[in-house]
Amino acid sequence: MTEAFSTAPEPAALPQLTAAAERIVRLGARLGRSRDEVLRAEALGGACGVPLDVIRALLQGRAAGEPDIHERFRQRLDLLHETHRKDDGRKFSHGEIARQSGISRQQVQALLCGDRRPTMDHCARLERFFNRPAGFLQSEDAEALGCALAGIEKALLRECQEHSERDALAAAASAAAGRRPNLYERHGVDGIALRAALLPDRGRTKLLEWLDTYMEEEAAEQRSGSAGERS
């Protein structure tokens, strides 16, 4: 594991990161939250292990350089060792990490001190011990930040969906007492769109096909009802 990554993130990654950040800002605004509330660099740093100055640069669309893979591993392992604490608030000892991860105590100490380059097995075992996703200790800064942003966006989409559904139900209840609200009254256009955004491409296509069918049936029922009233 001696190969170093490139010194800067791929150019394509920068616009993707800034676009994701702007989507998050728009979702936050719908929930009454500011940019600083939904894009706190400190929270992002804890989630992805990327230094705060690098996070700020990447969110602004600026390349911030990429450390050697060994240095990146050291940065993130130091962060995990410092922030992942026991119930009593104390850090895990080298021996405790060794026993629970299955890595020898000598290797744990060497990894934490930067005296040994990690193997893929070391990374996988340490990521499981610190309860972090696969690749946390190895992924490039832009990729790691992108994963953290995706998690925030997904959580905000769900929250917006819940708000939209509650608002739609309340409006339907006050506007049509005693009548069961239809699909759009129960979920609202925003709620349906937000739910679709959480689906993979195939699922989104099926949902859109189903909505088309539903709308045709709903329109036919309305036409039938109007005709019955006229007669």
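A pocket is an open set of points on a 1 Å grid over the protein atoms alone, with protein on both sides within 12 Å along at least five of seven lines; its lining residues have an atom within 4 Å of a point. Its volume is the space filled by probe spheres set on the points.

This is a predicted model, where local features need pLDDT of at least 70 and side-chain atom pairs count only at pLDDT 80 or more. Residues are numbered from 1 along each chain.

Start with the largest pocket. About 170 Å³ of space lies in it. Among its lining residues are A47, C48, P133, F136, E143 and C147. The lining divides into 8 nonpolar, 2 polar and 1 charged. Helix α9 (141-175) gives the largest share, 4 residues. Helices here are DSSP runs (H or I, at least four residues), numbered from the N terminus. Helix α3 also supplies at least two lining residues.

Now follow α3 (residues 41-48) to α4 (residues 52-59). Their axes, lines fitted to C-alpha atoms over the stretch in contact, come within 9 Å and cross at roughly 110°. The two helices are therefore roughly perpendicular to each other, a label for angles of 65 to 115 degrees. A41, E42, L44, G45 and C48 of α3 meet L52, I55, R56 and L59 of α4. Contact means heavy atoms within 4.5 Å.

After α6 comes G102, whose phi is positive, near 85°.

Conventions: Side-chain values use heavy atoms; hydrogens and water are left out. Axes are lines fitted to C-alpha atoms, for helices over the stretch in contact, and angles run from 0 to 180 degrees between N-to-C directions. Angles under 35 degrees count as roughly parallel, over 145 as roughly antiparallel, 65 to 115 as roughly perpendicular and the rest as oblique. On a 1 Å grid over the protein atoms alone, a cavity is a set of points where a 1.4 Å probe fits but cannot get out, and a pocket is an open set with protein on both sides within 12 Å along at least five of seven lines; lining residues have an atom within 4 Å of a point. Ala, Val, Leu, Ile, Met, Phe, Trp, Tyr, Cys and Pro count as nonpolar, Asp, Glu, Lys and Arg as charged, and the others, Gly among them, as polar.
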